[in-house]
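Please open the structure in the viewer and keep the sequence panel beside it.

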Amino acid sequence: MSINRDTSAHLFEIAKKYFPGGVNSPVRAFRSVEGTPLFIKKGRGSHIWDEDDNEFIDFLWVMGPLILGHANPNVIQAITETIQSGTSFGAPTRLENELASLIVDNHPVLEKIRFVSSGTEAVMSALRLARGATGRNKIIKFEGCYHGHVDSLLVKAGSGLVTFGISTSAGIPESFAAETIVLPLNEPFALEAVLQQYENQIAAIIIEPIPANNGLLVQNKSFLQYLRTKCDEYGCVLIFDEVISGFRAGFGGAAEKYEVRPDIITFGKIVGGGLPVGAYGGSAEIMSYISPDGPVYQAGTLSGNPVAMSAGIATLTQLLQPGFYESLEDKTIQFCSEISAHIQSKQYPVHLVQIDSIFWIAFSTDRIFQAEQIDPDSMKYFKQLHRHLLDNGVYFGPSGYEVGFVSAAHTSGDLEKAAQIISEGLDFIFNV
Ligand SMILES: *Cc1c(COP(=O)(O)O)cnc(C)c1O
């Protein structure tokens, strides 16, 4: 069975005339899966429709932001009301205070935050803050964590004994990459060795506490706690990049879940309720380094945009309802256990990784902590699965390294149906 994708294919031809690869963000080009991208024209609740009127149950959710589903009525109402009074002023508004108080007053770590317009911008600013506050230059990051397209973080580990990063993108000076040290996740000894070697040079350790951009590399709580201890010992700033896990792993994100107090936390995705918002924050003390209070410059024409703020307010207000996260996690566990039961009964070399409302299908039977444990060759299975899912009305991100999300908008009917289609997809892959 193959669905009609003619309109999408036509629109993609036009898009290729205007945009590199036909897209405004690379993964959307479907280079890792079969076929051409679907052009989406509408979303409502848990479903999206493409330009050929094919309907899908969404599990991508813009890669995380739409925890409440598409066109959430409260979010739409908030945006619509705000926009009647204008779209931006370049001056403070009441809405910035409201969103900030929702976040800061309900978070165990944050005392002050600053709004920006994307996750990348939040991370870039957090690094500058860490460097400004410590007077040091080097950064430690972990292989398998993504932090947006920040120059000094688009690096991977060097080979052999070289710990300095090698840039993964053209256009990044070697001297930038050389300020970044890349380590494997879950290896305390490697970290300790680097901290000793570069004593007084490391400004910050940055990690996705729930690494969810290269598969789902759930870490042990003890490793995250170890980072805190070592940062204290060596005077480095601990940055939790919670652009995905923030407001996802509970309202207080991974910091609250793992009971670790990072010095700076970055946000994006959910915080803007589907509109472009990012944020970074920490203690009042560290945030006092930020301009105009302190010497670290950071600014934004559309920062704190009122329309985006109102989408964030309407979203976070709903997340603070009692029982919200418990019920979302229950649904996710139920959904994953149905698929897992099928996998076990058939003994497929696959397992589901799940934490909170995030899941990932690992084409391996081993628990995976590190990026290098993922076999690139296994992505051929994901490619087949993706095709099967699209043909049967289930929308996953177009790469086997991307996680899926369960949303409050998913009904139990949606999840049962999707679990069945995913199970059939696995049968289709492994019984040929
Ligand atoms: C998505 C993401 C980013 C980048 O956010 P953008 O809004 O795409 O710039 C940074 N860090 C993490 C952990 C992310 O998941």
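Begin with the second largest pocket, whose volume is about 640 Å³. The model is a predicted one, in which local features need pLDDT of at least 70, side-chain atom pairs count only at pLDDT 80 or more, and totals for chains, interfaces and linings use all residues. Residues are numbered from 1 along each chain as its sequence is written, and side-chain values use heavy atoms, with hydrogens and water left out.

A pocket is an open set of points on a 1 Å grid over the protein atoms alone, with protein on both sides within 12 Å along at least five of seven lines; a cavity is a set of points where a 1.4 Å probe fits but cannot get out; and lining residues have an atom within 4 Å of a point. Grid points are joined across faces, edges and corners, and a volume is the space filled by probe spheres set on the points.

Select Glu96, Ile113, Arg114, Phe115 and Ser291: of the 29 residues that line the second largest pocket, these lie nearest its centre. Two or more lining residues come from each of α3 (94–104) and β4 (112–116). Helices (H or I, at least four residues) and strands (E, at least two) are DSSP runs, numbered from the N terminus. The largest share of this lining, four residues, belongs to β4. By type, the lining of the second largest pocket holds 14 nonpolar, 10 polar and five charged residues. Here Ala, Val, Leu, Ile, Met, Phe, Trp, Tyr, Cys and Pro count as nonpolar, Asp, Glu, Lys and Arg as charged, and the others, Gly among them, as polar.

A cis peptide bond joins Ser291 and Pro292, with omega about 10 degrees. Pro292 is placed in the loop between α9 (284–287) and α10 (306–319). Ala71 belongs to the loop between β3 (55–58) and α2 (73–83). Most residues other than glycine have a negative phi, and most peptide bonds are trans.

Return to β4 and display the sheet to which it belongs. Seven strands form this open sheet in the order β4-β12-β11-β10-β9-β5-β8, with mixed pairing; two strands pair if DSSP finds at least two bridges between them. Why is one side of β4 and of β8 (180–183) left without a neighbour in the sheet? Both strands stand at the edges, each with a single partner strand, so one side of each has no neighbour there. Within this sheet, β10 (237–241) and β11 (264–267) pair in the parallel sense over three bridges. Ile239 has Ile264 in β11 as its bridge partner.

Next, select β13, β14 and β16, which form an open sheet in the order β13-β14-β16 with antiparallel pairing. β13 (351–355) and β16 (404–405) are the edge strands, each with a single partner strand, so one side of each is left without a neighbour in the sheet. Five bridges join β13 to β14 (358–362), and Ile355 stands opposite Ile358 in β14.

The lining of the largest cavity divides into six nonpolar, four polar and one charged.

Finally, colour the domains, whose bounds come from an automatic or database domain assignment. This assignment gives domain 1 (6–71 + 322–430) and domain 2 (73–319). Their C-alpha centres lie 25 Å apart. The contact (heavy atoms within 4.5 Å) takes 27 residues from domain 1 and 33 residues from domain 2.
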